[in-house]
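Here is a short briefing on packing and open space in one protein model. Please read it alongside the sequence and structure.

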Amino acid sequence: MKEHALLSDVTRIYPGGAGRPPVHALGPVDLSLREGEFFGVVGPSGCGKSTLLEVLAGLAVPSEGVVRFEDREIHGEVPAGIGVVFQDDASFPWLSVADNVAFGLRRAGLPREEIRQRVDYALRFMGLGDFRDAYPAQLSGGMRQRVCIARTLVLRPRLILLDEPFGALDAQTRLLMGDELLRLWRETGATVLLITHALDEAAMLSDRIAVMSARPGKLIEILDTGWPRERDSRIAGEDDFGHITGHLWKLLRGESLKSLGMEAAS
Ligand code: ADP
């Protein structure tokens, strides 16, 4: 498979100030995303997962190293072709569902008719067709998160970066939203990078999973799940699923204890 995005020897150090020391949050990290894959990233809290996503999105500049997307260097701005979905609910409460989804296209100055068509498609795709005039406060948490995904989908990204997108949802809704995400990934052909603290989510959704160490986050292993492209949450019942989550937890347990300031007893 072709390389789609690359982090090469990337570190990110947040500068100190006002008596605070600098924070070495990430790296050095080398990572090559393959075109069209679903790539999961897990790691203990505070290990630098969001920092990794921000650097890859062009929202943060690496302190060292190079970030590339489709053979171009990324430096301090989100390139066309990359879409980001953030944690929890980041919809605009004062805009209707349709206006939330149209927001980025209007800002980009696209013709009205094209905006209408793209918004209609994204709303139907995410099962929001009947809610176009509703406001976020009238929707469930799962539906609000669908609005956020539709808002990114409408931009037709070739690389979709998601930072704990289902963190605020209950376990069953999370699994079902995972199915939606797999469908979106298959039907758009986009490359997906998903940051999550939930090992079951990573194990179910990903072709490959990177496990990060305690801060400063480095990649300690990249695991191939071997799942077929046609899959859904029912794979959570398979033996391999248990093996994958078991292996992830074995790698992560010690790192999680370190990030809590406790060392592993064995
Ligand atoms: P994660 O997403 O894995 O929880 P983050 O990438 O959010 O981790 O943060 C990694 C580390 O960098 C944490 O220790 C966090 O406190 C620190 N950090 C994040 N943002 C800043 C900032 N703007 N200034 C200083 N330190 C930061």
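The model is predicted: local features need pLDDT of at least 70, side-chain atom pairs count only at pLDDT 80 or more, and totals for chains, interfaces and linings use all residues. Residues are numbered from 1 along each chain as its sequence is written, and side-chain values use heavy atoms, with hydrogens and water left out.

**Nonpolar cores**
- A nonpolar core is a set of buried Ala, Val, Leu, Ile, Met, Phe, Trp, Tyr and Cys residues joined through side-chain atoms within 4.5 Å; buried means under 20% relative accessible area (1.4 Å probe, protein chains only).
- The largest core holds 50 residues, and F38, V42, V101, V119 and M126 have the most contacts inside it.
- Helix 4 (residues 141–153) gives the most to this core, six residues; helices (H or I, at least four residues) and strands (E, at least two) are DSSP runs numbered from the N terminus.
- A second, separate core has 27 residues, including A5, L33, F39 and L53.
- Beyond four places in sequence, V119 touches A98, V101, A102, L105 and V154, where contact means heavy atoms within 4.5 Å.

**T11**
- T11 sits in strand 1 (residues 3–14).
- T11 is buried, at 7% relative accessible area.
- Leaving aside neighbours within four places in sequence, its contacts include H24, L26, P62 and E64.

**Lining of the largest pocket**
- Residues of the lining come from strand 6 (82–85), helix 2 (97–107) and helix 4, at least two from each.
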